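Dear colleague,

I am passing on the structure below, together with notes on what was found in it. Please read the notes alongside the model.

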Amino acid sequence: MRTDGKSREKMVASVLAGNGIDETQIVSQLTCPLAIVAGSDDTAIGHDYLSKLKYRNLWRGAVQYIKPAEHALPIHQSEPLHILIDSFLKAFQYDETRAEP
């Protein structure tokens with residue numbers, strides 16, 4: 001499975017045109033829980049960049065890395081990824097028994 005070759009071209013053109021959002025501002029002000037999961041050997045992301053961002057509500061206080069893994073976590077490391085997603089969802093699961101009428 002490969003990404004459409006035109007996707008990078010369109011993404012770069014969009015960024016150069018000034019389209020997009022300021023993710024640094026968003027993650028520093030986000031009030032809902034945020035989980036970031038990445039492959040430890042993923043060369044498509046900036047690991048240093050992720051570690052230096054100021055997060056307001058990052059789950060477990062850190063980016064969650066799956067080792068060893070590259071970019072396609074759902075394909076190559078689906079079980080560890082599913083475990084992390086399940087843990088994240090359960091940590092913030094709605095409890096009907098505590099809901100007020």
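The secondary structure of the chain comes to five helices and two strands, where helices (H or I, at least four residues) and strands (E, at least two) are DSSP runs numbered from the N terminus. Along the sequence these elements follow the order α-α-β-α-β-α-α. This is a predicted model, in which local features need pLDDT of at least 70 and side-chain atom pairs count only at pLDDT 80 or more, while totals for chains, interfaces and linings use all residues. Residues are numbered from 1 along each chain as its sequence is written, and side-chain values use heavy atoms, with hydrogens and water left out.

As for overall dimensions, the C-alpha trace spans about 50 × 30 × 25 Å along its principal axes. Of the 101 residues in the chain, 19% are buried, meaning under 20% relative accessible area with a 1.4 Å probe and protein chains only. Among contacts (heavy atoms within 4.5 Å) with a separation of 6 or more, 71% are between residues 24 or more positions apart.

Best regards

Methods. Buried means under 20% relative accessible area, exposed over 50%, partly exposed in between (1.4 Å probe, protein chains only).
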